[in-house]
Each structure stands twice: as C-alpha cells, then as structure tokens.
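Here is a short note for your first look at this model. Please keep the structure open as you read.

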Amino acid sequence: MTDTIAAISSAVGEAGIGIVRMSGKYSLNIVDTLFKGKHTDGLKNVSNRKLTYGHIVDPSDDSIVDEVLVVYMKAPYTYTREDIVEIYCHGGAISVKRILELLLKNGARLAEAGEFTKRAFLNGRLDLSQAEAVIDLIRAKTDKSYDVSLNQLEGSLSYKIKEIQDVLLNMIAHIEVSIDFPEEDIEEITYDELKVKANVVLEDIVKLLETADRGKILREGLNTVILGKPNVGKSSLLNAILRENRAIVTDVPGTTRDIIEEYVNVEGIPLKIVDTAGIRDTEDLVEKIGVDRAKQVVEQADLIIAVFDASRELSQEDEEIIELVKQRRSIVLLNKTDLPNVYDREKLAKIIGDKKIINTSIAKGEGIEELENTIVDMFYSGEVEVKGEVMVTNLRHKDQLQKAKKNILDAINGIDMNVPLDCIEVDVKNCWSNLGEISGDTVSEDIIDKVFKEFCIGK
Ligand code: GDP
C-alpha cells in the first residue's frame, strides 16, 4: 500500500471546477514536478492545508496545462491517513484528464474504484460499516436515505455494534475466569449473570434487525410494480406520481451491464418503479412479458399497486391479476371513479379480503394523495422519521446480525441447559465475530474487496 494513487474525483461532464486527487507518500513530490507557482517556487515548502495558486505545466515541453489551486494535506490527519494532494482545475472532461495523465506518467498509479476509502478503512480511520455509508451517501435517493447514511458514517451503527461486542467480551472474560477457577458457587453465579447479559445482547440484536426492512427500502428503494389490464390507467398513475414527486434517475454501473433505474420520491421513500417502459407503452405487463415472467416480477416486488377500472365490468383478466397479488403486499386502486360505475365493488372486496381499496380518478388527480399516504403507512406506520435512529440498511449487515442472533440464542439455550461453560463460550465468541464482520474487525479480504468494488473511482 505504499504506492501513490491518483484519480479524478469530480463527476464527468461540464462543471465549474474539476478535482484530481492523489494519496500516498509521493503525492507532493509528483505534483511538485508539474507545478509552477505564481507566488511560490514550488510546493516543497507549502503549508499543510493551504491553497497554493499556480499552473500545471507539462515538463516534456513546458506547456501550460491549466490554471489550478493545489492543496497539500499532510498525513495522518487526512481522509486516507496518508499524504493527500488535491488539484482544483477547470471543470469539463479535458483538463482533469490531462492532469491525471501527467500524474500517472510521473509516478502515480490510477486508483481503483473506492481505493481512497479503502485506504481510510485499512488505515483505521473508518470502520467497514462507515466506509459502506460513504457510498450510500453518494447514492442516496432521498433526503431520508441520505440522513440514515450520514448517521451511519458518523458511527451510529459502529457505536451500537461496539457496545454489544463489549458485553460479549465481558461474558467471554467471565467464562474464562470461571473455567480457570472452577469453584462451584462461582459457576452458579456465572450462569445467572451470563443469562442476563446474553439477553441484553439478544434484545439489542433483535432491535437492530427490526429496522432492517425499512432500512433496506431507504437504501435500495421500494421495488414497486404497477399491475392492471390495458387501459385501466397505469401510465396515467405513473405520470401523476412523477408529476408530484421528483424523479431520480441513477446509473448503476454493473460488472456485466449498466442498468438505468428510476426512483420517485414519495414522502422520503424512494419508490423504484419496475418495468417502467412496459407501463409507458400502455401495454399490459402480463401480455407483454408473459404470465411466468409477470409472476416472477410480482414475486420480487416489495409493493404491488393493482389498478382496476370502475367504468368497466370485472373481467377474467382482473380476476387473474387479483389472484396474482392476493397474497402479496399490495394496494388496490379502483380507478376512473369519475365515470359511471359499473364495477362490482362488492365482489372485488370479497375476493381481495382485507386489502385496502382506494377509489381514484387519476384523470382528475383524485386519490393520489391517499395512495401515497397508504404507502407511507404501510412501510413506516405513518412516520418516515429516521434522524437519530440507528438503522440497518445494508443486507450484508442484516445477514451478520441474523447469524449473531442465532449464536446468542444457542448460547442462551446452553445456559438454560447448564452445558459446560467452554461450549457456551464458543457460541458467544461466534456471535462476537459475526458482529465483527459488520465493523470489519473480523472480515475476510474478499468481502472487503467486494465492498469497495461497489464504489466509484476517485472516492
Ligand atoms: P394503461 O393502459 O393502464 O397505462 O392506461 P392509461 O394510463 O394509458 O389510460 C388509458 C385511458 O384512460 C387514457 O385515455 C386515460 O386518459 C384514461 N384515464 C386514466 N385515468 C382515468 C380516470 O381516472 N378517469 C377517466 N375518465 N379516464 C382516465
């Protein structure tokens, strides 16, 4: 990790300024060979964290590349804990690219995706869950998603995990003392005390797990499918939601293909509308992609909005759609209520059971607000308040918490059955390691690599 890395840290495209960033021992030396200061000779005597004005010059022909400001941040009080140099140049594609090329030609290596943050983690500035929050912040779809990520970056989850781990360590210490000094009465006390502590751990883990469903939605968006036969008003609904709420379109760079995802911000919940193109073509999802595929899409959805037309009679197709969504988390819209009503509401109500039916006239803008409130109620019991709450948003963390829960439950069972202390200790230690995977204490290298592959270059 001694090599010096460089990357463009600002977004591609037209902009006021562009930022090229370097981290590593030779950062200052490398820039120094390319920099001609307006008021200073070079960068050797430049003060820590002070901006220096000048030009980047190509040493091969002494031509000026751009007018820049350079800042040197001395290790260890930097993002990566290494020496960092940032160059602020003109925005746009060319200047940043030329400067980066010069840095690479003069001894720096192109940074991998997320390598700056990876160094911050490896050098102990952030734990793994905090590092993961960095990418979540950048990708946040709504203010709420941003708030949870910021909490996590500030260490709210790390702190809670550490707190639980401390209780576990205390239990381990207790067990070891008892194994070393096996006097009968000490052991009895130990079992009781262990049980109290194990229950505290269990309770904390369960509490964290309870936030995971809501957390996942904020991080990844609510997978939403709008279902209904042709002409019931699906695309009108989508347009109405889009009109009232800001849409966020993100590029998700994948290893195999790039996907464009569209999110709609409904009261802070990022709604990810699945198969948007299909809806816009006003084609029926089932008709367009076939029953099996439609079933699959429905299976994967977090929320289904099933739309029916109040001005037409309940049809065979409607019944098929009802069948498809009956057992799923769904909201039923009876649309076109402004037209004469011929739909058999009672029959619909009977088949869908206790699901809520919302009457809408999307054409007149009626019922949309009730739909949005219903979505919020369904997933957040009315309040999408996340400030200050420790929330688990990441599936990786949820998996580890589930493993930790199993291990602490095993320990509790063992305590109840008075099994030998060293057996209980194994479960407690495993629980501790599960939590360590979240903070990164006990995580393997390939998981670390996987986490940072998700990042963009320059972060
Ligand atoms: P889709 O095929 O399900 O996507 O349906 P569309 O959104 O394309 O709507 C089909 C037709 O119904 C269009 O002409 C809409 O203007 C009309 N429509 C949609 N919602 C309403 C409504 O609430 N009332 C009335 N009267 N017409 C509607």
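1. Basis. This is a predicted model, where local features need pLDDT of at least 70, side-chain atom pairs count only at pLDDT 80 or more, and totals for chains, interfaces and linings use all residues. Numbering starts from 1 along each chain as its sequence is written, and side-chain values use heavy atoms, with hydrogens and water left out.

2. Ligand shell. The ligand is surrounded by 16 residues. A residue counts as near if one of its heavy atoms lies within 4 Å. The closest are N231, K234, S235, S236 and D338. Helix α9 (residues 234-244) gives the most to this shell, with three residues. Helices here are DSSP runs of H or I with at least four residues; strands are runs of E with at least two; both are numbered from the N terminus.

3. Shell classes. The shell has five nonpolar, seven polar and four charged residues. Asp, Glu, Lys and Arg count as charged; Ala, Val, Leu, Ile, Met, Phe, Trp, Tyr, Cys and Pro count as nonpolar; the others, Gly among them, count as polar.

4. Polar contacts. Look for pairs of N or O atoms within 3.5 Å. A polar side-chain atom of D338 lies 2.8 Å from a ligand nitrogen atom. For N335, a polar side-chain atom is 3.1 Å from a ligand oxygen atom. G233 uses a backbone N or O atom, 3.0 Å from an oxygen atom of the ligand. Alone, the ligand exposes 580 Å², and the protein buries 76% of that. These areas come from the Shrake-Rupley method with a 1.4 Å probe.

5. Buried means under 20% relative accessible area (1.4 Å probe, protein chains only).

6. Strand β11. Five of the five residues of β11 (residues 269-273) are buried, so the strand is largely enclosed by the rest of the structure. I269, L271 and I273 point one way; P270 and K272 point the other way. Strand β8 (residues 222-227) runs parallel to β11, joined by three bridges. Pairing needs at least two DSSP bridges. N223 has K272 as its bridge partner.

7. Strand β1. Strands β1 (residues 5-8) and β2 (residues 17-23) pair antiparallel over four bridges. I8 is bridged to V20. With β7 (residues 109-110), β1 runs parallel, over two bridges. There, I5 is bridged to R109.

Methods:
A polar contact is a pair of N or O atoms within 3.5 Å; within protein, one must be able to donate a hydrogen and the other to accept it, and residues adjacent in sequence count only if both atoms are side-chain atoms. Buried means under 20% relative accessible area, exposed over 50%, partly exposed in between (1.4 Å probe, protein chains only).
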